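Keep the 3D view open as you read.

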Amino acid sequence: MARSYSSRKRVLVTGGAGFLGSHLCDRLIADGHEVICADNFYTGDKSNIAHLLKNERFELLRHDVTFPLFVEVDEIYNLACPASPIHYQHDPVQTTKTSVHGAINMLGLAKRLKVKILQASTSEVYGDPSVHPQTEDYWGNVNPIGPRSCYDEGKRCAETLFFDYHRQLGLQIKVARIFNTYGPRMHIADGRVVSNFIVQALRGEPITLYGDGEQTRSFCYVDDLIEGLVRLMDSPDEVTGPINIGNPVEFSMASLAALVIAATGSKSEVSYAPLPADDPRQRKPDITRARDILGWEPTVPLEDGLRRTIEEFRGRI
Ligand code: NAD
Ligand code: UDP
Ligand code: UDP
């Protein structure tokens, strides 16, 4: 859908060549906007946005957000940051720099342009939570010096910067705390549980369950997540968040393995491996705020989302 120039926005998406970012670019283009996608391809892939390159409303910039960026836009979605534990722990110093220096640069850009900026924060700010399900007013239980800290503390510091730019300089901010999200275009070697299990099941390899498999996560299908982010960006000015965006239906990793085996019809067996350090025991969002403020809740059950994701993975494996 092309829009009239008056209602068309030019939107910057950092991390736009990644899993979530590329789906967000698709959505914004479909809504008739112009998109500038800025990505350094650390974990993103050109194939995720290849289909957009011919669109005259889409522009791709190879750019690392730890460096200043001067563009003219009407809105900023800041998604740049590796999200999978194996990737964000590969170069932990760069991970913290991406979250912190990246936030400073994108906030500086938003300040100069006087435009709204949305931060892709994470349920990891709650760490290994002692409050269950997690509400936005829970401050979290995060190890500041462990292997996950580069990601968790980087994202916490980014939230601090967002709220200080808001209070001190009057910036319009939107902070989304995203819970585990899955779907088509997850990197095959991403290392996150849904993509690992699907790849292993499709290849007939053992399904690697870490620990006893009783730890829980709540999985949101990517289309639901993107709808939540767009609604948050479009919410009234006084809505800053943080707002949990995720699917509140909780599963153990053992039950996820069983679902993936059933949905793929795979003969793979489950194999056990040690639980990684600081792996949260349980995670489930309280989405009361998202329901009340954004009128948003997930619509795709895990079984359906897995089926769609498996279909797309079959085409790549
Ligand atoms: P992803 O790794 O697929 O995408 C991240 C993108 O950011 C990649 O394209 C990568 O190349 C890019 N990037 C990394 N460092 C950069 C830098 N310094 N400069 C420019 N680009 C850079 O991960 P994703 O799942 O799409 O996650 C997107 C965002 O959502 C991340 O900020 C992540 O922390 C957040 N998030 C995701 C989930 C999830 O379950 N997918 C959950 C919570 C939060
Ligand atoms: N910045 C940017 N693009 C802009 C404006 C600023 O990347 O259009 C960067 C700038 O380089 C600075 C950061 O954003 O490092 C923070 O900007 P701010 O104005 O808040 O701080 P200051 O420049 O005063 O340090
Ligand atoms: N996990 C697993 N096998 C895998 C990958 C992950 O059992 O092959 C577990 C992991 O230990 C964690 C859960 O699945 O308890 C979710 O892991 P993921 O890396 O997807 O996300 P996060 O831990 O960041 O929520």
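Helices here are DSSP runs of H or I with at least four residues, and they are numbered from the N terminus. With that in hand, take the ligand 1 site. The largest share of the shell around ligand 1 comes from α1, with 3 residues. The model is predicted.

Stay with ligand 1. Its shell holds 28 residues, and the closest are Gly15, Gly18, Leu20, Thr43 and Gly44. Two or more residues each come from α1 (19–30), α3 (92–113) and β5 (116–122). What is the class make-up of this shell? The shell around ligand 1 has 13 nonpolar, 13 polar and 2 charged residues.

Turn to ligand 2. The residues around ligand 2 are Pro68, Leu69, Phe70, Ile104, Asn105, Gly108, Leu109, Lys111 and Arg112. By class, 5 are nonpolar, 2 are polar and 2 are charged.

Next comes ligand 3. It has 14 residues around it, with Arg192, Val193, Asn196, Thr208 and Tyr210 coming nearest. Which elements supply at least two residues each? They are α5 and β8 (207–210). Strand β8 gives the most to this shell, with 3 residues. The shell around ligand 3 divides into 7 nonpolar, 4 polar and 3 charged residues.

Helix α5 leads on to a helix pair. Two packed helices are described by the angle between their axes and the distance between the axes. Helix α5 (residues 193–203) packs with helix α7 (residues 253–264) at about 40°, and their axes are 10 Å apart. Angles under 35 degrees would count as roughly parallel, and 65 to 115 as roughly perpendicular. The α5 and α7 helices are therefore oblique to each other. The crossing of α5 past α7 is right-handed.

Which residues make the contact? From α5 come Val193, Phe197, Ile198, Ala201 and Leu202. From α7 come Met253, Leu256, Ala257, Val260, Ile261 and Thr264. By class, this contact has 10 nonpolar, 1 polar and no charged residues.

Finally, look at the annotation. An unreviewed UniProt entry carries the annotation "domain: NAD-dependent epimerase/dehydratase" over residues 11–246. In the model, the end C-alpha atoms of residues 11–246 lie 23 Å apart. That span is 35% helix and 19% strand.

Conventions
Residues are numbered from 1 along each chain as its sequence is written. Chains are lettered from A and ligands numbered from 1 in the order in which they are written. This is a predicted model: local features need pLDDT of at least 70, side-chain atom pairs count only at pLDDT 80 or more; totals for chains, interfaces and linings use all residues. Axes are lines fitted to C-alpha atoms, for helices over the stretch in contact, and angles run from 0 to 180 degrees between N-to-C directions. Angles under 35 degrees count as roughly parallel, over 145 as roughly antiparallel, 65 to 115 as roughly perpendicular and the rest as oblique. A crossing is left-handed if the near helix is turned anticlockwise from the far one by less than a right angle, and right-handed if clockwise. Two residues are in contact if their C-beta atoms, placed from the backbone, lie within 7 Å. Ala, Val, Leu, Ile, Met, Phe, Trp, Tyr, Cys and Pro count as nonpolar, Asp, Glu, Lys and Arg as charged, and the others, Gly among them, as polar. A residue is near a molecule or strand if its C-beta atom, placed from the backbone, lies within 6 Å of it. UniProt positions are given in the numbering used here, feature names are shortened, and annotations may be inferred rather than shown by experiment.
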